[in-house]
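Hi,

Here is the structure I promised to pass on.

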Amino acid sequence: MTDQAPAAYDGPQRVLSGVQPSGALHLGNYLGALKKFVDLQSRMDCFLFVADLHAITVWQEPDKLAAQTREIAAAYIASGLDPDRAAIFPQSAVRAHVDLAWIFNCVARLGWLDRMTQVKEKSGKLKERATVGLYTYPVLQAADILVYKATHVPVGEDQKQHLELTRDIAQKFNNDFNAPGFFPLPEPLIEGPGARVMSLRDGQAKMSKSDPSDYSRINLLDDKDTIDQKVRKARTDPEPLPDNLEALKARSEADNLVGVYGAMAGLTKLEVLERFAGQGFGQFKPALSELLVETMAPIGDEMRRLIGDPAELDRNLAKGAERASAIAEPVVDEARRKVGFWRPTI
Ligand code: TYM
């Protein structure tokens, strides 16, 4: 051994990400993930799956899961993903994810998983009754990413810790099996004003599928009137918008709405303030509502149309799964070889 730095990964650049089919998609999912996927598809090979294996870490009605999976695929396509360009597929249809996840379960350390805050939040007070799958959820996520040797992972800010774990697992695998540069250390793509969209009812809470109040979020399937009503009812304060970021930061609800406007319009928060400083929410909210309706309502309409044609969605999902398997299977085979599993000599 020399004391040189380990070889860097020099394979192709690939994008990988996924969304769970565990409830209605909302504006946070759109800005934190889907919109970024669409922006990336013309620049890199994209593998975008529906995370049904992750979804069953909490109870999912078996007779609804497949429909929920199609609904996410419909959201991908309605947002602008081209299934001939990006591979769109159900995670469970590519068995290599699970194969690699088991190997990674034997690479990752309990101490690393004990630090995962999202798992802790999801298991709540009844930790003893949470599934074992929920606990190892971040390890499966690392396998999702590394089974394609993905180099870029567009996600919202809540996934940051899982990406750090993925890098740790990649590095430890490469070290343990004397395979420098075998797995890349993937880069999270998180930045931008849409990385953490907050609830419309509470600027301190993340916009979430599981919030009991439907007024806390804008769903991808909301119609024009509902979007408009939710924006008008969004919690705010009586002050006009400030002209600097420092003053905005102290007002979480205002900060969130300015961020949403920026993410939708492709502007920074400061650029939004340059446009609206000194104006109250009576002026800002209608402008925001108009912008949201303009983009989101057509996505909802297209989703409804696509959901009405499950055979077409299934054709796209099957095609995506085939393309994904063609990349993932050789990677998992190589990982199995490095671990030293039996292979026939004949
Ligand atoms: P999930 O299904 O909870 O969310 C899907 C994506 O939406 C982002 N997101 C948000 N972004 C901004 N503001 C919000 N309020 C907001 N809420 C959700 C999430 O960050 C995510 O990007 N563990 C993942 C699914 C997954 C995955 C992967 C992602 C499984 N394997 C491999 C990337 C790579 C999850 O539960 O996402």
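Predicted model: local features only at pLDDT ≥ 70, side-chain atom pairs only at ≥ 80, totals over all residues.

The side chain of T295 reaches the backbone oxygen of L291 at 3.3 Å, which falls under polar contacts here (a pair of N or O atoms within 3.5 Å; within protein, one must be able to donate a hydrogen and the other to accept it, and residues adjacent in sequence count only if both atoms are side-chain atoms). T295 is part of helix α13; helices (H or I, at least four residues) and strands (E, at least two) are DSSP runs, numbered from the N terminus. With a relative accessible area of 25%, T295 is partly exposed. For that scale, buried means under 20% relative accessible area, exposed means over 50%, and partly exposed is in between (1.4 Å probe, protein chains only). Leaving aside residues up to four places away in sequence, T295 touches Y30 and M264, where a contact is heavy atoms within 4.5 Å.

Residues are numbered from 1 along each chain as its sequence is written, and side-chain values use heavy atoms, with hydrogens and water left out.

The side chains of S252 and Q204 are joined at 3.3 Å. S252 touches G203 as well as Q204, again not counting residues up to four places away in sequence. At 18% relative accessible area, S252 is buried.

Now to how α11 packs. Helix α11 (residues 252-265) meets helix α12 (residues 269-276) at an angle of about 100°, and their axes are 8 Å apart. That makes α11 roughly perpendicular to α12. Axes are lines fitted to C-alpha atoms, for helices over the stretch in contact, and angles run from 0 to 180 degrees between N-to-C directions. Angles under 35 degrees count as roughly parallel, over 145 as roughly antiparallel, 65 to 115 as roughly perpendicular and the rest as oblique. On the α11 side the contact is made by D255, V258, G259, Y261 and G262, and on the α12 side by K269, V272, L273, R275 and F276. By class, that contact has five nonpolar, two polar and three charged residues (Ala, Val, Leu, Ile, Met, Phe, Trp, Tyr, Cys and Pro count as nonpolar, Asp, Glu, Lys and Arg as charged, and the others, Gly among them, as polar).

On to the salt bridges. Taking a side-chain nitrogen of Lys or Arg within 4 Å of a carboxyl oxygen of Asp or Glu as the rule, the count comes to 15 salt bridges. Here are some of them.

K319 and D84 pair up through their side chains at 2.7 Å, N to O. This pair links distant parts of the chain: K319 sits in helix α14 (residues 310-339) and D84 in the loop between α3 (62-79) and β3 (87-90), 235 residues apart. K319 is partly exposed at 33%, whereas D84 counts as exposed at 58% relative accessibility.

Within helix α8 (residues 160-176), D176 and K172 lie four residues apart, about one turn of the helix. Their closest N and O atoms are 3.1 Å apart, which gives a salt bridge. Both are partly exposed, D176 at 40% and K172 at 22%.

The side chains of D301 and R304 form a salt bridge at 3.3 Å, N to O. They are three residues apart in helix α13 (residues 281-307), so about one helical turn separates them. D301 is partly exposed at 48%, and R304 is partly exposed at 38%.

There is a network too, in which salt bridges link D214, R217, D222 and K230.

Last, some backbone angles to look at. K149 is not a glycine, yet has a positive phi of about 45°. K149 is in the loop between α7 (132-146) and β4 (152-154), and is buried at 13% relative accessible area. N178, also not a glycine, has a positive phi of about 50°. N178 is in the loop between α8 and β5 (187-189) and counts as exposed at 61% relative accessibility.

Cheers
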